[in-house]
Every structure is written in structure tokens, then in C-alpha cells.
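Please open the structure in a viewer and follow the stops below in order. Each stop names a selection and then describes what is found there.

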Amino acid sequence: MSPTMLSTHLVSDEQLDAQARPPLEAATLPTECYWSPEIYRAEVERIFHHYWLCVGRAEDVPQPGDYLTMDLVGEPIIVVRDGDGEVRVHLNVCRHRGCKVAEGNGKAKTFRCPYHGWMYGLNGELRGVPDFKETRNFKKRDYPLAPIKAELWDGFIMVNFDADAAPFAEQVSNMQLFGLEKYRMSEQLTTHRWEWDLGCNWKVYVENYIEEYHVPWVHPETFQAVTPMKGWREFPELPQGQPWDVMIGQFPGVSLSDTGEAMFPVTPETAELPPEHQGMPIWMSYPGFGVINAVDSSLYYLLHPTGPERFTLRVGLMLPAETARAYADGDPEVTAACEQYARNVPTFMAEDNQVTELQQAGLRSRFATQGRYCKHEGLAWSFNKWVVDTAYRPSGLNVNGGNGRALR
Ligand code: FES
Ligand SMILES: [Fe+2]
């Protein structure tokens, strides 16, 4: 029997081998990979349960007791800042009989399960258990909310369902070749947030995010007008197989406003970057955490799949902290400039959202077949190959960017 996990069902080794050829000779992924529930399950198990996922910004839970809840790839979680000021992530599942203990967002001193009143501290420990005195061999300390590995990276809250995962910084260590720290994301604050429930497979959206081929067609009046397709550079000389990719729009000084003009204080260190790294980096840490950096702002993308053909897209616009504070205070000049950024983002997002749903509708055809890549789709190819090696071919498992750890 062939070694490909999925080959007995939907996808053959030959189809995956065709994808593994050099990009300009390769075929795209088999179309079943974009809708099959079985393939999606393999991706959840082998990718989403082992790689770092971003759930938002530390500023989303600024004070002790601030919390938010979400379903992260089917798992209910609570993100909370505990009494010591640490951001923690718990499974939102009561250890009594499994009820969710919190809903929505808010501020809490404790979490009390609505079903039978078990009470948990912000750090997850079980504190109160009504009428359990007679229950034998029961110790509260054995029943905390299940902790989920979490850490902060440049102000982002990163989560990993694999308790043994290496730190996120290791997953993206080579990405630092691009000097991303010079964009000072840890000092930026989110001024605008958007959320969409999109009817397409998560990979469709990642591919769209990291290829510039569609720019003249999908964004003729937005991206193409300011950062045209021909100015984007990929870096195929980098080692392959890492769980992230980056391309750079070589337009020094460009920003996310509708004219491309930077209207807020420019981060000075960005001028120290080598010329080929200056401009607008668009990067994606797989499976679904992407950022577009500009000299005075950043735009982050969080992709949270909810099924084989659906995902929640959470997007945030970040500006320098002082600008964000002036905006919050209603400074009229800053507000007018912020709106130029905030107007531009949903305009080009709507263009991507529409075309990726159209693509999904086509991929869903039982008669759809594998396509091809051009020179502007090198990162879509390397991303697809990473998915194949990580989720579809057990022999190719390679967690956390080639440091030799295998999935257990
Ligand atoms: S399920 Fe939570 S207290 Fe019973
Ligand atoms: Fe796009």
C-alpha cells in the first residue's frame, strides 16, 4: 500500500507527486483537498493541533479579569488575563460534566459554570464545588480548567494545542531575516477590527494572501494602483519547507492608506533594512497567522477554520500607540487620517473575499481538476507543498520548521 495517508480514499500519490514538482512544472493541489471532510480532519489533527495559532492581541485583554471566548478550530477556549497579569488560555470546558463555563467577552473575578455552579479562578484552578463532600477520592486540585499552551509574541497572543510545541519564535526564527522587529508591532495598538465568516476552505485564502498574480484582476483600483503586481518579490532562494512565507512589495515608504501615503509617524528603523527588504512585507506563519507591515502601520489576519469549506477571518489594523490613543481621544486630524486607512482595508478585503468564495464554488465541482502555477505563485506552491508534507504524507512530517521534531 502506498505511504500516502489519503491515497486509499480521495487523493492519489501521483496527484501529490505532481504538486511536488518544481513550481513551474507542478500541478496545484487536488481539488478534493478544498472540500473533503476527511482531508480537513487530517489537517486539523496534523496541522492545527500542532502549530501556533494567533487568537488576538494582548491589548484585547488589557486588565486582570478581562477575558474573551472563541471556538478555535472547533475547540472552545477562554483567553484571560489572570490576577498576576499573565495572559492565559484555558479550554472552556467544565471539569464536572463538560459545560462551557464562559461565553462572549467581559470582565470576571472567577468563572462559574452555569450548570451546577463549579467555580474556577482566572488561572483555571477549581475553587468551589457545591455538595461534593461525600464524593470519594475527589481533590479540587485535580480538576482545573485544562490549560492550553500560550505565549505573547510582539503583542500577539499565540496558542498551541500541543503542550510540547517549541516556542513560536522558533517556528518563525528564519523569518527574522526580514527584520520584522523594525516595524515595532509590540508598540502598536489595534484601532479597527473586522470579522467575516467566509464560505471557502482556509487554504484558498492563504494561497490568495501570498500570491500577487491576482492583483491586477482582483484589485485594479486598490492594490494594483498603489503596489502593482510587478513590484512584488518572492525569495525562492530561502530554505524550503519552513512553516511560513514572506513576499515584499518593493515600494519603499508605502503604507496602507487608500493613496499608499504614510500618514503617521514612520518607524525609523525600517530605513535600515537592506533595499530588497524595504517596502511592504506580507508574511504568513502557517497555518493562518498573517501580517502586512507598512512603515507606520500593520494589518493582521487570523484565519480560524470552522469546517472544510468555511472559516472565520479576523482582521485588525494596528497603528503607532500614540496615534491610536489620539484616535481614541477623538483628535479630528488623526481621526480623518485613520479613516483613510480604515476605508481602504475593507475595500480590498471585499475584493479578496468575493473571489475566494467564487473559487470555492468552482473547486467544489466533482469534475474540477488540478491546475498549474506561474512565476507569481511561488509561495502558493511552497505553502501547498508544506500542507502535503505535513498533513497528507506521514513520512514527510516535520513540525516547527525543520528542527527534527516529529508528530507523536
Ligand atoms: S457541568 Fe459544570 S458544574 Fe456541572
Ligand atoms: Fe488580494
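Begin by selecting glutamate 125 and arginine 127, which form a salt bridge with their closest N and O atoms 2.7 Å apart; a salt bridge is a side-chain nitrogen of Lys or Arg within 4 Å of a carboxyl oxygen of Asp or Glu. Glutamate 125 is partly exposed at 37% relative accessibility (buried means under 20% relative accessible area, exposed over 50%, partly exposed in between, with a 1.4 Å probe and protein chains only).

This is a predicted model, in which local features need pLDDT of at least 70 and side-chain atom pairs count only at pLDDT 80 or more, while totals for chains, interfaces and linings use all residues. Residues are numbered from 1 along each chain as its sequence is written, chains are lettered from A and ligands numbered from 1 in the order in which they are written, and side-chain values use heavy atoms, leaving out hydrogens and water.

Next, select arginine 314 and glutamate 195, whose side chains meet in a salt bridge (3.4 Å, N to O). Arginine 314 is buried, with a relative accessible area of 19%, whereas glutamate 195 is exposed at 52%.

Then select Arg57, Glu59, Asp60 and Arg193, which salt bridges with shared partners join into one network. The whole structure holds 19 salt bridges.

Finally, select aspartate 245. This residue is buried and has no salt bridge. Its side chain makes polar contacts (pairs of N or O atoms within 3.5 Å; within protein, one must be able to donate a hydrogen and the other to accept it, and residues adjacent in sequence count only if both atoms are side-chain atoms) with the side chains of tyrosine 286, at 2.5 Å, and serine 382, at 2.7 Å.

Key:
Lys and Arg count as positive and Asp and Glu as negative; His and the chain ends are not counted.
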